[in-house]
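Subject: Structure for you to look at

Hello,

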Amino acid sequence: MTGGTGDTAPADVILRAAHVSVEYSARRPTRAVRDVSLELRRGAVLGVAGESGCGKSTLAYALARLLRPPARMTGGSVEFTPAGGQPVDVLALEGEELRRFRWNKVSMVFQSAMNALNPVTSIGRQFSDIFAAHRPGMDSAARGRRARELLEMVGIDPERIHGFPHELSGGMRQRVVIAMALALEPELVIMDEPTTALDVVVQREILDEVERLREELGFSVIFITHDLSLLLEVSDWLAVMYAGQIVEYAPAGEVGAAPAHPYTAALLASFPDMRGERRELRGIPGTPPDLREDLAGCPYQPRCRFAFEPCGGVTPVPVPVAGRAGGWLAACHLHDPRFGARGLPASARPRPAAGSAGRPAGEEVPVAGGEG
Amino acid sequence: MSERSGAPEASGGQSVSEPEASVLEVRDLVVDFRQRGGVSLRAVDHVSFRIKQGQTVALVGESGSGKSTVVRAVGQLVRASGGTVLLGGRPAGRRGRGLRAYRKRVQLIFQDPFASLNPMHTVRHHLARPIMMLHPGHSRARLDEDVTALLRSVNLTPPDEIARKYPHELSGGQRQRVAIARALASGPDVLLADEPVSMLDVSIRLEILSLLDRLKRERNLALLYVTHDLATARHFSAEIMVMYRGEIVERGPADDVILNSAHPYTRLLAAAAPDPSLSREQLAAARKARQRARAARAGRSAEYREAALGDGCRFRLRCPDAMDVCVRRPPDVAVGAGHRALCWLHDPKAAVMTRG
């Protein structure tokens with residue numbers, strides 16, 4: 001288990017964000033990201049989960065300095081530490097430095113592969129453009145070689161370099177986009193719903209590919225998606241967002257069986273277990289709050305089954321979850337010592353867990369090949 | 001909430017026993033799409049199924065498998081090239097009054113509640129129209145009463161306030177509830193729901209599926225639930241049909257199809273879905289196994305791929321269990337009570353032919 005946010009040793013952290021807030025200006029501004037802090041260890045995968053409108057994509061854009069008006073960062077700091085280098089204040093980068101930071105250090109993979117690629121230029125040309133902009137010293141033969149190499153790396157026939165995006169399936173296009181994101185060997189790749197538009201089988205194949213490349217190349221990943229069940233599998237640490245805030249920050253391998261925040265528990269329960277016992281399935285009644293409002297108290301309180309006195313008036317801050325791994329935080333009064341730290345009632349657990357560490361592991365591992 | 005079918009009933013489309021039980025029966029449905037150059041694409045290839053009153057049948061598959069085309073053909077939004085649709089034992093009307101009568105009894109719910117409601121009209125308008133078509137003599141007060149009742153039945157409250165709203169003033173979940181209420185307005189016997197929750201937020205998907213489940217029970221509807229999500233298919237349906245490239249490759253009681261899959265394609269789909277019960281070590285082992293399986297298949301010759309274009313099994317190029325015999329059309333084999341798979345693996349003769 002890597003990752004972690006504890007204030008322990010200045011471990012090998014590649015990205016540290018503290019108290020980041022983002023606003024969409026308007027007559028009544030939307031406060032899309034509210035006081036978010038997170039930390040990503042080098043080589044680790046941080047999953048960011050949440051539903052539409054929770055601020056997860058806005059946060060990603062903020063971390064990569066990709067916000068455009070009317071969005072603007074209203075507070076906080078972002079610090080990036082390149083391998084073997086000194087921490088860089090990302091928010092202070094300007095001009096050429098900022099350009100180098102993007103793509104060279106941090107790259108991003110967006111949801112719709114179809115829209116990220118230019119339909120009227122060949123795939124090779126699009127790789128060429130990247131190198132022309134960021135590696136001016138490379139001659140055209142070297143660019144072609146590198147493009148072929150990258151395509152091959154993500155499992156695409158290098159001859160496709162002469163092809164156009166429309167000749168590829170959605171899954172193939174997403175592979176091309178991933179190859180482009182890796183073209184300059186970034187240290188951090190931010191993936192925003194990278195497989196959401198794809199079928200489960202293709203999705204699984206691409207995730208396997210990303211995992212293999214990560215083992216090979218050692219980049220770190222921030223993986224953003226609404227699919228919490230998927231994130232539990234691909235991440236090392238997990239941040240669950242609600243109403244612009246991180247409400248739980250936990251090791252992905254453990255939070256599935258024992259969530260600390262009621263929202264995490266409810267979100268987990270929204271994914272029926274394909275092979276589990278049939279049980280009553282319920283979503284989360286109600287809707288998230290309007291982020292143009294000032295939120296008094298806990299933003300999840302109106303939908304929370306476990307709300308009690310302080311939740312309506314006192315805004316929760318992330319507190320350590322008693323008895324859990326270091327760095328495990330929940331922004332919930334149930335865990336706040338000021339209110340008795342009673343913890344999340346067992347009835348909220350996604351599964352009536354036998355013990356604390358999830359279900360017995362005696363089950364057969366489903367194994368099948370991917371797409372041929 | 002979750003439906004338990006009693007005795008699993010054979011859902012093989014060929015058998016015509018106890019016709020009184022099934023509201024909707026589809027026999028040998030074929031849909032061809034003409035493509036540029038005169039070549040036609042068979043999107044749906046001899047699909048047969050039946051749905052009883054008060055029963056949910058799920059149709060699952062990847063995009064492009066033809067599952068939406070089945071819905072559109074049964075809903076008569078696209079013309080079938082062949083096959084029969086029986087509603088209450090009688091052939092579906094194809095035009096004029098017969099078609100209008102059919103549409104009242106067979107209603108559709110689509111994936112995108114943003115596109116399926118007219119932004120220019122209020123919720124009331126969307127619901128009042130089908131009621132007016134059904135009861136031209138209704139007074140305005142009576143219409144309002146019916147609209148209110150419909151909104152209550154889909155848990156949209158307060159109904160008076162919701163009725164005055166326009167689609168853009170509603171959340172995605174509320175819009176889908178309006179679409180469901182509209183589908184109910186004509187008093188249908190059959191609901192065809194095409195990915196009804198795929199575009200909605202995770203936390204409201206189960207609410208909408210539970211709503212459909214309750215309405216199905218209260219109104220004794222036959223519900224076809226089209227989805228790519230095996231987990232909700234299992235939890236909300238009595239039977240599951242798995243579609244691949246236009247054909248139903250496996251069908252049977254929901255638990256049997258998911259927990260005891262017979263077709264390699266179903267197993268592949270099931271293995272690709274995240275499984276929260278697996279440990280980190282199990283996940284890593286599964287990933288390595290998938291990578292090995294892919295690597296093993298990558299070496300197959302182009303010739304082998306070419307040969308596959310005949311009328312053999314459509315899945316065999318991706319199939320981890322492919323055998324020589326798979327170049328021939330796979331048989332529809334019974335693998336359990338009401339559980340069938342279109343696959344040579346389960347044919348006793350195939351084992352003899354390939355291994356003998």
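Chain B and chain A bury about 4,900 Å² between them, and 55% of this lies on carbon and sulfur atoms; buried area here is the accessible area (1.4 Å probe) that two parts lose on being put together, summed over both. Please keep in mind that this is a predicted model, in which local features need pLDDT of at least 70 and side-chain atom pairs count only at pLDDT 80 or more, while totals for chains, interfaces and linings use all residues. Residues are numbered from 1 along each chain as its sequence is written, chains are lettered from A in the order in which they are written, and side-chain values use heavy atoms, with hydrogens and water left out.

In terms of contact (heavy atoms within 4.5 Å), 53 residues of chain B meet 50 residues of chain A. Across this interface there are 4 salt bridges, a salt bridge being a side-chain nitrogen of Lys or Arg within 4 Å of a carboxyl oxygen of Asp or Glu. One pair that joins the two chains is Glu215(A) with Arg287(B), whose closest N and O atoms are 3.4 Å apart. On the side of chain B that touches chain A, the elements that give two or more residues are helices H7 (202–219), H8 (230–236), H9 (254–259), H10 (264–272) and H11 (280–298) of chain B, where helices are DSSP runs (H or I, at least four residues) numbered from the N terminus. The largest share, 12 residues, comes from H11(B).

Over all chains, the count comes to 44 salt bridges. Within chain A, Glu233(A) and Arg204(A) pair at 2.9 Å, N to O. Glu233(A) lies in helix H8 (residues 228–234) and Arg204(A) in helix H7 (residues 200–217) of chain A, so the pair ties together parts that are 29 residues apart in sequence. Both Glu233(A) and Arg204(A) are buried, where buried means under 20% relative accessible area, exposed over 50%, and partly exposed in between (1.4 Å probe, protein chains only).

Glu96(A) and Arg99(A) also form a salt bridge, with their closest N and O atoms 3.3 Å apart, and both lie in helix H2 (residues 95–105) of chain A, 3 residues or about one turn apart. Glu96(A) is partly exposed, at 44% relative accessible area, and Arg99(A) is partly exposed too, at 37%.

Finally, in chain B, a network of salt bridges links Asp32(B), Arg42(B), Asp45(B), Glu247(B), Arg314(B) and Arg329(B).

Best wishes
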